[in-house]
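Please look over the sequence and the structure shown here before reading on.

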Amino acid sequence: MPAPDATGPDAALPLRARLHHIRADALDGDTAQTGGMRRFAAISGGTVGSEKLWMGQTHVAPATASSDHHHGESETAIHVVSGHPEFVFLDHSSGEPVEVRLRTGPGDYIFVPPYVPHREENPDPAHEAVVVIARSTQEAIVVNLPSLHAEPPTAP
């Protein structure tokens, strides 16, 4: 017997009074986007009434790089599902900014602190990279930047 979902017998219950089953083919593509990648919401204020987190998937096409961006006040956790995406940011710890490239594979995790400019790249010429993302805010905050060197606002 399939699990109840938004059309099942519990559909009349308020959003925050029941569990939600979001099927893989029902992810919502109407979310904040960055050039070079496509985000799909699974868990959000709009889809299930969440108040403190957002979760979904990001697909990065073969031989593609996203635009430089940050996620505002959101902490972002990333789990690599498939492919070998690379995450690029500037390390300022030595005084001069140094570009760092984190090369990942399936099963790896990445943590992106609030306001840290970065980009995702998929160097594979034939296969897309897919990651699952969880954010500490209800919606996917995306602030596109002209470069990694752009100065984002500082965290409060």
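Two strands pair if DSSP finds at least two bridges between them, and strands (E, at least two residues) are DSSP runs, numbered from the N terminus. This is a predicted model, in which local features need pLDDT of at least 70, side-chain atom pairs count only at pLDDT 80 or more, and totals for chains, interfaces and linings use all residues. Residues are numbered from 1 along each chain as its sequence is written, and side-chain values use heavy atoms, with hydrogens and water left out.

**Strand β10**
- Strand β2 (residues 54–60) pairs with β10 in the antiparallel sense over seven bridges, and Val 60 stands opposite Ala 129.
- Strand β5 (residues 76–82) also runs antiparallel to β10, joined by six bridges, with Ala 77 opposite Ala 134.

**His 69**
- His 69, found in strand β4 (residues 69–70), is buried at a relative accessible area of 0%.

**Salt bridges**
- The whole structure holds seven salt bridges (a side-chain nitrogen of Lys or Arg within 4 Å of a carboxyl oxygen of Asp or Glu).
- Glu 86 forms a salt bridge with Arg 101, the closest N and O atoms being 2.9 Å apart, and the side chains of Glu 86 and Arg 103 meet in another at 3.5 Å.
- The side chains of Glu 121 and Arg 101 meet in a salt bridge at 2.4 Å; salt bridges that share partners join Asp 68, Glu 86, Glu 99, Arg 101, Arg 103, Arg 119 and Glu 121 into one network.

Terms used
Helices (H or I, at least four residues) and strands (E, at least two) are DSSP runs, numbered from the N terminus. Buried means under 20% relative accessible area, exposed over 50%, partly exposed in between (1.4 Å probe, protein chains only).
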